Amino acid sequence: MKKILVATHARFAEGIVSSINLILGEQENLHFINAYVEETPFNEKLESFLNENVTDEDKLVIFSDIFGGSVNQTILRYLDRKNVYVISGVNLPVLLEVVMLEKGNLTEARLKEIVNSSKDQIIFANDEMKKLHTTQDDDFDI
């Protein structure tokens, strides 16, 4: 079974999962851990999640917010587990694509494609609007 965990500093994980659930409806295999908002250490929350929710037959994609951050460093300790993939720098487009991905298509190669395509979703909108206005202005010169 495909399972997805979003783990971030504070309540970002809960918020982005809430957005996914709003867009796609409730996702039973999408989980989150808000790190550093309660007394329970993050590593204990993560260990508990893995023990209670993930089997060796599952494919688990774990998203974190900042590569090299404390949450990400803790997650990276579990990369040697079978069928665990870690993606840092979570954003809504990449999370949406992975949530909608069929389990049979959940491969390392496909995840790399999704990560690369999600980078194209980060756009400096000012430049895009300037291009749009320039194109529209050119249309009226005729």
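Predicted model: local features only at pLDDT ≥ 70, side-chain atom pairs only at ≥ 80, totals over all residues.
Axes here are lines fitted to C-alpha atoms, for helices over the stretch in contact, and the angles between their N-to-C directions run from 0 to 180 degrees.

**View 1. Helices α4 and α5 pack against each other, with axes that come within 9 Å.** Helix α4 covers residues 92-100, and helix α5 covers residues 108-119. Their axes cross at roughly 150 degrees. Angles over 145 degrees count as roughly antiparallel, and α4 and α5 are therefore roughly antiparallel to each other. The crossing in which α4 passes α5 is right-handed. To find the contact, look on the α4 side for Val94, Glu97 and Val98. Their partners in α5 are Arg110, Leu111, Ile114, Val115, Ser117 and Ser118. Sorted by kind, the residues of this contact are five nonpolar, two polar and two charged.

**View 2. Helices α1 and α4 pack at an angle of about 55 degrees.** Here the axes are 11 Å apart. The tally for the contact of α1 with α4 is nine nonpolar residues, one polar and no charged.

**View 3. Leucine 30 sits in strand β2, which spans residues 30-35.** Is leucine 30 buried or exposed? Its relative accessibility is 8%, and the cut-off for buried is under 20%, so leucine 30 counts as buried. Leaving aside residues up to four places away in sequence, leucine 30 touches Ile4, Val6, Val17, Ile20, Asn21, Leu95 and Val99.

**View 4. The largest nonpolar core has 21 residues.** Which of its residues touch the most other members? They are Ile4, Val6, Leu30, Val61, Phe63, Leu95 and Leu111. Several elements give two or more residues to this core: β1 (2-9), α1 (12-24), β3 (59-64), β4 (84-88), α4 and α5. Helix α4 gives the most, with five residues. Apart from this core lies another one, of 15 residues, including Phe42, Leu46, Val71 and Tyr78.

**View 5. Alanine 10 and tyrosine 36 each have a positive phi.** Start with alanine 10, in the loop between β1 and α1. Its phi is near 55 degrees, a positive value in a residue other than glycine. With a relative accessibility of 39%, alanine 10 counts as partly exposed. Now turn to tyrosine 36, which is found in the loop between β2 and α2 (42-53). Tyrosine 36 is not a glycine either, and its phi is about 65 degrees. How exposed is tyrosine 36? At 47% relative accessibility, tyrosine 36 counts as partly exposed, since the label exposed is kept for values over 50%.

Key. Residues numbered from 1 in each chain as written. Heavy atoms only, no water. Helix = DSSP H or I, 4+ residues; strand = E, 2+ residues; numbered from the N terminus. Parallel < 35°, antiparallel > 145°, perpendicular 65-115°, else oblique. Left-handed = near helix turned anticlockwise from the far one by under 90°. Contact = heavy atoms within 4.5 Å. Nonpolar A, V, L, I, M, F, W, Y, C, P; charged D, E, K, R; others polar. Buried < 20%, exposed > 50% of the residue type's maximum accessible area, 1.4 Å probe, protein only. Core = buried A, V, L, I, M, F, W, Y, C linked by side-chain atoms within 4.5 Å.
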